[in-house]
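I opened this notebook to keep track of what I looked up, taking one topic at a time.

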Amino acid sequence: MIWRRMALIFLVLVGLSAVLAPKVAPYSYSEQFRDSPNAPPGGKFLLGTDDMGRDRFSRLLYATAVSVTLAPAAAALSVLLALVVCAFHGRVLSGLTTIGMSIPWMFLFIILRAELPLNTAPEVSVVLTFALMGVAGWAGPARVLSGSIREMMEAGWMLHARSAGIARWRIAAVYAWPHLRSVAAAQFRALAPAYVLAEASLGLLGLGVAEPVPSWGNLLRDLQHPDMVRENPALLAPLVLLMLCLLALEAFSVRESVQ
Amino acid sequence: MSSGSSLSSADELLKYRLNARYGATPVLREVEGRLAAGEIAALVGLSGSGKSTLALALQRLLHYRGGRVDGSIVLEGTELMGLSESAMRSIRGRRIGYVPQSPGTALNPKLRVRTLIDETWSAHARGRMDDAARQTLLERVQLPGTGAFLDQRAGELSTGQGQRLLIALAILHGPALLIADEPTSALDAITQAAVLRLFAELNRELGTAILFISHDLLSVASIAHRVDILHEGSVVESGPPGRIFGEPVHPFTRDLVDAMPKRP
């Protein structure tokens, strides 16, 4: 209970700082201080600057905003798509889900992402990155949801609702949704941290969110240079924040699913 | 009340002749029956004799349980077998009310009593059901019409309350025919007697015809005008309860009558 509350408080704080990033951050994420690249942490730059003289702390705040708003949005998109697909349940779905789950999305994704024109606006690349993840991730939740739906189709109350002449969409919206809601929510909670992590992995490959928009993924690219990390341990800040966020999300969702 | 054989076609409500099977396994073989308007007919058979299958088949719901039906079902002069699913939906709940066996599984545990009533109402009526109509309906089946009761979730009701609610939902649109599938088998003896009385009352006051499906010959004898005995997928004997009890003809009927509990 105490862990769950702490996780919640932490997530709210991170969420708040993300939402308020434009107000809280000392500088813009793209503002360059040409006379002080790679500055150490200090008074003017809390976590120092990167090689282009941009304030690391401000970039971390904006990156957090990107990840904690768009990853849940992508998770919601996946679950929504899964629900739409499940609405047309049947044999087709089961086959489609199997195919959907066996496609190596990561590679397809890398190819798709590489096909994007070089002059694509960074803002577009951000939304596209997460939207693609959201679209690609429908199969997992669809499999779980279709299992629950199959179970519901056999339920006595489903037959009874039909015997009362209730329209199909009312049965879905009023009778079935209260049972599906918790399953959909659990899928959402499992996917959100997975997408945070997926974006970070893509960013590491340089295929996630494009510069100069910061994301946890592209901030973590700096960790590829161990000597830089030894020089400035503040570079680990995005990693620590990522781990804490994932930990909090997991702690939160585990408790939920136990209930 | 007239028995099945002496009906004129004018007051005939339901007439059916059905075969039903699950996969290759036949469950009903040329089961025939008819029901006059306002009549209570009991269909008695052992478990596995195809009673519930018939209850679903008559509503054209059996395909939702993986079964197939052929034959003929004529309700109020309309052949149901050829009707589309949407035409059937307008008949289910409006002309045919269905009271299933177990309120524990037939009522969606997450829904409130109010929601169940309102959804059943809007299946065949426009606008919202008003409070007075809801209260009248619940009092009709001896349930409290209070706000507190309406706000209860179906999962919180007792079996007796749930069974009464199922009956209320079934009679909401004043159907001509009520199909009750073992509606008292989950109840204790006293509640069972009360629910049986309720069915008899509904029949008397609303003129609803009832097809009462049961394994319990004794309990249906008190309210039925006619008893059909279903054995291995066929109706083997049919007649008024007095005749069935007094002079059972078919060997299976004789076994049923002999097996009834005697007063000690």
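**Chain B as a whole**

I began with the contacts in this predicted model, and found that, among those in chain B between residues at least 6 apart in sequence, 69% join residues at least 24 apart. I then listed the secondary structure of chain B, which has eleven helices and ten strands. The radius of gyration of chain B is 18 Å, close to the 18 Å that the globule rule gives for 264 residues, so I noted chain B as being as compact as a globular protein of that length. For the extents I took the C-alpha trace of chain B along its principal axes, where it spans about 55 × 50 × 35 Å. Of the 264 residues in chain B, 44% are buried.

**Strand E9 of chain B**

Next I turned to strand E9 (residues 226-231) of chain B, and asked how many of its six residues are buried. Five of them are, and I therefore recorded E9(B) as mostly covered, buried here meaning 20 or more other C-beta atoms within 10 Å of the residue's own.

I also looked up the pairing of E9(B) with other strands. With strand E3 (residues 40-44) of chain B, E9(B) pairs in the parallel sense over four bridges, and in that pairing I noted B:Arg226 of E9(B) as the bridge partner of B:Ala41. With strand E10 (residues 234-239) of chain B, E9(B) pairs in the antiparallel sense over five bridges, and there the bridge partner of B:Leu230 is B:Val235 in E10(B). E9(B) and E10(B) form a hairpin with two residues between them, and I wrote down that B:Glu232 in the turn has a positive phi of about 50°.

**Helix H6 of chain A**

I checked the length of helix H6 (residues 122-136) of chain A: at 1.5 Å a residue its 15 residues should span 21 Å, and its end C-alpha atoms are 21 Å apart, which agrees. Which residues of H6(A) are buried? I found A:Thr129, A:Phe130, A:Met133, A:Gly134 and A:Ala136. What covers these buried residues of H6(A) includes helix H3 (56-87), helix H5 (105-115) and helix H9 (168-204) of chain A.

**Where chain A touches chain B**

Last, I went through the contact between the chains, which takes 16 residues from chain A and 23 residues from chain B. On the side of chain A that touches chain B, helix H8 (156-163) and H9 of chain A each supply at least two residues, and H8(A) gives the most, with six residues. I sorted the residues of that side of chain A by type, and they divide into nine nonpolar, five polar and two charged.

How values were computed. Residues numbered from 1 in each chain as written. Chains lettered and ligands numbered in written order. Predicted model: local features only at pLDDT ≥ 70, side-chain atom pairs only at ≥ 80, totals over all residues. Expected span 1.5 Å × (residues − 1). Buried ≥ 20, exposed ≤ 12 C-beta atoms within 10 Å, placed from the backbone. Contact = placed C-beta atoms within 7 Å. Nonpolar A, V, L, I, M, F, W, Y, C, P; charged D, E, K, R; others polar. Rg over C-alpha atoms; globule rule 2.2 N^0.38 Å. Pairing = 2+ DSSP bridges.
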